[in-house]
Every structure is written in C-alpha cells, then in structure tokens.
Amino acid sequence: MSKEREEELKCGVHDCKQQRDTLLDFFQFHDKLADMVVELMLSQLDPVNDNESKHLISALHLVTKLGEMPSFGDAGARSGYLRRRFAHRSSCVAAMLLHQAVEPRPALTKR
C-alpha cells in the first residue's frame, strides 16, 4: 500500500476503525490485482514514452490553473499515464464503494 493511502486513512478520512481495517485489507488486495491488470493492459498497448508521459502528467497538474485539458494524443504518453495512475484512480472508486455509508454493501467486501 502506498504511503499516500496510509496517510489518507490516518488523517480521519475514515473514522471507524473497522472501516479503516476493511479498506487497508482491500487496498493490499487491490494493489496486487492492479499491478497485474496494468501489466496485462500495457502488453496490449503502445510502449510507454516516459518523456511524453511526464509532460502529460505535468500538464494535468496545471489544468486547474490553465483551464485547458492537455492532449492525450500520444499513445506512449497514455500508456505511461496508465502505468503511473491506474492503481490510485481505481482505488478511489473502490474506497467509495466500500464506504460504510454505501448501502447495500457491494459484493466487493466478500471473499
């Protein structure tokens, strides 16, 4: 699990200890699965272009200041973005679905 996720959970984003433990368990499972999914997807996509990926990610950080979305036209940049951001982005959706306020509970909590 990333330090970023651990800090989010420590900072009171999820108040209930049981909810925190459920999320920690899920994130450990999720990180392993996300790594496998990313590897599979990248094997089917254009090779990662690290330089273009860095430019794309930097431009995405500036989008709120500039008010303009950067181009996702470079396939290698998209592959790099996927490699770098897929796990975090997909974990946000999972955390929302696992939140104690969501009813009925999704099947994601069953193993």
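These are my notebook entries on a predicted model of one protein.

**Ground rules**

I worked with a predicted model, in which local features need pLDDT of at least 70, side-chain atom pairs count only at pLDDT 80 or more, and totals for chains, interfaces and linings use all residues. I number residues from 1 along each chain as its sequence is written, and side-chain values use heavy atoms, with hydrogens and water left out.

**Entry 1: overall layout**

I looked up the secondary structure first. The protein has four helices and zero strands. I took helices (H or I, at least four residues) and strands (E, at least two) as DSSP runs, numbered from the N terminus. Along the sequence the pattern reads α-α-α-α.

Next I checked burial. I call a residue buried under 20% relative accessible area, exposed over 50%, and partly exposed in between (1.4 Å probe, protein chains only). Of the 111 residues, 28% are buried.

The protein exposes about 7,900 Å², and carbon and sulfur atoms supply 56% of that area. Accessible areas come from the Shrake-Rupley method with a 1.4 Å probe; for residues, only the protein chains shown count as cover.

I then turned to contacts, meaning heavy atoms within 4.5 Å. Among contacts between residues at least 6 apart in sequence, 65% join residues at least 24 apart.

**Entry 2: helix 2**

Helix 2 covers residues 17–44. It has 28 residues and reaches 40 Å from its first C-alpha to its last, close to the 40 Å expected at 1.5 Å a residue. The expected span is 1.5 Å times one less than the number of residues.

I listed the buried positions in helix 2. Among them are Gln-19, Leu-23, Leu-24, His-30, Asp-31, Ala-34, Val-38 and Leu-42. Phe-26 and Phe-27 are on that list as well.

**Entry 3: aromatic rings**

How many aromatic pairs does the structure hold? I found three. Rings of Phe, Tyr and Trp (its six-membered ring) pair if their centres lie within 6.5 Å; planes under 30 degrees apart count as stacked, over 60 as edge-to-face and the rest as tilted.

Phe-26 and Phe-29 form a tilted pair, 6.0 Å centre to centre with 55° between the planes. They sit three residues apart in helix 2, so about one helical turn separates them. An α-helix has 3.6 residues a turn, so residues three or four places apart point the same way. Phe-26 is buried at 9% relative accessibility. Phe-29 is partly exposed at 44%.

Phe-72 and Tyr-81 make an edge-to-face pair, because their ring centres are 5.8 Å apart and their planes stand at 85°. Phe-72 is partly exposed at 31%. Tyr-81 is partly exposed at 21%.

Phe-26, Phe-27 and Phe-29 form one aromatic cluster. Phe-27 also lies in helix 2, and it is buried at 4%. I traced Phe-27 to Ser-91: the two are 64 residues apart in sequence and 7.1 Å apart in space, C-alpha to C-alpha.

**Entry 4: nonpolar patch**

Which residues make the nonpolar surface patch of about 360 Å²? Phe-29, Leu-33, Met-36 and Val-37 do. Patches are made of residues with over 30% relative accessible area and no salt bridge; like charges are joined within 9 Å, nonpolar side chains (Val, Leu, Ile, Met, Phe, Trp, Tyr) within 5 Å. Val-37 lies in helix 2. Val-37 is partly exposed, at 30%.

**Entry 5: salt bridge**

I searched the whole structure and found one salt bridge. The term means a side-chain nitrogen of Lys or Arg within 4 Å of a carboxyl oxygen of Asp or Glu. The partners are Arg-83 and Asp-50, at 2.6 Å, N to O. The pair links distant parts of the chain, with Arg-83 in helix 4 (residues 75–98) and Asp-50 in helix 3 (residues 50–66), 33 residues apart. Arg-83 is partly exposed at 44%. Asp-50 is partly exposed at 41%.

I also looked at Arg-84, which lies in helix 4. Arg-84 counts as exposed, at 54%. Its C-alpha is 9.2 Å from that of Ile-57, 27 residues away along the chain.

**Entry 6: Pro-47**

Where is Pro-47? I found it in the loop between helix 2 and helix 3. Is Pro-47 buried or exposed? Pro-47 is exposed, at 68%. Leaving aside neighbours within four places in sequence, Pro-47 is in contact with Gly-76 and Ser-79. I also checked Ala-77: Pro-47 and Ala-77 are 30 residues apart in sequence and 8.8 Å apart in space, C-alpha to C-alpha.
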